[in-house]
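Please look over the structure shown below.

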Amino acid sequence: MIFDIKKYTIHDGPGIRTTIFLKGCPLHCQWCQNPESMSFRPERLDRPSRHFYVNSPWVTDRMTIGKLISVNRIIDEIMKDTVFYKASGGGITISGGEPLAQIDFVDSLLKVCKKNRLHTVIDTSGYADWACFEKIRRQTDLFLYDMKIFDRKAHIKYTGVDNTIIFENLEKLIATRAKIAIRFPLIPQVTDAVANMRAIGNFLSKNKIREIDILPFNFLCYEKYNRIGKRYPFRSSRTTRSRIESTVKEFSKSGLSAKIEGWA
Ligand code: SF4
């Protein structure tokens, strides 16, 4: 079950990529930029909207988000752009939602990608059984791995799930020598507390991670919430350049080099 395929993406791994967005996530982050990614089922819009993918063949119709699709159909689409992947060092990224929540599909897709010598990236919250990582890690060239909130109770409050397994899986994944890029969503009044950044920075530093990608908050997704009849609690929140700069400084205290993704 997917909710979009985006071509020519440049923030989901190296080079020019095709990103597949799988629908469904076990987390319900209150700030999620893609509210349509959470449910594992197709969702009806209140009316057609340019903010959803109404011109995309990956929606069922102008009023529904989410479509069942086969591995072969996706591969046909991906392979149309191999010339761009080769020229840029790009490939395919499987994102969501949470891709590991549809592990058999992801495993099949990765295997076919590898047969076609494509560079593969998984964009994950880390919230999955370790067996899922074991199943796909050899076919995955890079994991984009989210670190959101260190405090367990706060993590439950803002995402709906315990974070213990997320930290455990990251430690196990590091031990396999998998290539990992850590991503930190900078959410005003939630993840941007100094104590949170310090705790995450220390955890990563202890595990010999030296880099972190900061994903600045973007409030514009509130329109999408409206369309599927949900309220966006962060509608009036904003991130400033100085807040981003202080975040970079804070992580540097833990020995992390911070890179800012997608900030204009
Ligand atoms: S893990 Fe990602 S996709 Fe899932 S709810 Fe959180 S922000 Fe949204």
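## Terms and basis

Buried stands here for a relative accessible area under 20%, exposed for one over 50%, and partly exposed for values in between, with a 1.4 Å probe and protein chains only. By that scale Lys80, at 52% relative accessibility, counts as exposed.

The model is predicted, so local features need pLDDT of at least 70 and side-chain atom pairs count only at pLDDT 80 or more, while totals for chains, interfaces and linings use all residues. Residues are numbered from 1 along each chain as its sequence is written, and side-chain values use heavy atoms, with hydrogens and water left out.

## Salt bridges

The structure holds 19 salt bridges, a salt bridge being a side-chain nitrogen of Lys or Arg within 4 Å of a carboxyl oxygen of Asp or Glu. Side chains of opposite charge can pair when their charged atoms come close. Glu77 is buried, at a relative accessible area of 10%, whereas Lys7 is partly exposed at 27%.

Glu77 also meets Lys80 in a salt bridge (3.0 Å, N to O), and a network of salt bridges links Lys7, Arg73, Glu77, Lys80 and Asp81. Asp81 is located in the loop between α1 and α2 (82-88), and counts as buried at 6% relative accessibility. When its neighbours within four places in sequence are left aside, Asp81 is in contact with Lys7, Tyr8 and Thr18, contact meaning heavy atoms within 4.5 Å.

Elsewhere, a salt bridge joins the side chains of Glu43 and Lys23 (2.5 Å, N to O). Here too the pair links distant parts of the chain, with Glu43 in strand β3 (residues 43-44) and Lys23 in the loop between β2 (17-22) and β3, 20 residues apart. Both Glu43 and Lys23 are buried.

## The buried side of α1

Within α1, the residues Val71, Ile74, Ile75, Glu77 and Ile78 are buried. They lie on the same side of α1, because they cover an arc of only 160 degrees around the axis, the arc being that of the directions from the helix axis to the C-beta atoms. The elements that cover these buried residues include β1, β2, α2, β5 (91-95) and α3 (103-115).

## Nonpolar cores

A nonpolar core is a set of buried Ala, Val, Leu, Ile, Met, Phe, Trp, Tyr and Cys residues joined through side-chain atoms within 4.5 Å. The largest has 48 residues, of which Ile74, Ile78, Leu109, Tyr145, Met147, Ile182 and Leu204 touch the most other members. With six residues, α3 gives the most to this core. A second, separate core of 17 residues includes Leu27, Ile187, Phe217 and Tyr225.

Leaving aside its neighbours within four places in sequence, Met147 has contacts that include Ile166, Phe167, Leu170, Ile182 and Leu204.

## A surface patch

Tyr8, which belongs to strand β1 (residues 2-9), is partly exposed, at a relative accessible area of 47%. Together with Val83 and Phe84, Tyr8 forms a nonpolar patch on the surface, with about 300 Å² of accessible area in total. Patches are made of residues with over 30% relative accessible area and no salt bridge, like charges being joined within 9 Å and nonpolar side chains (Val, Leu, Ile, Met, Phe, Trp, Tyr) within 5 Å; accessible areas come from the Shrake-Rupley method with a 1.4 Å probe, and for residues only the protein chains shown count as cover.

How values were computed
Helix = DSSP H or I, 4+ residues; strand = E, 2+ residues; numbered from the N terminus.
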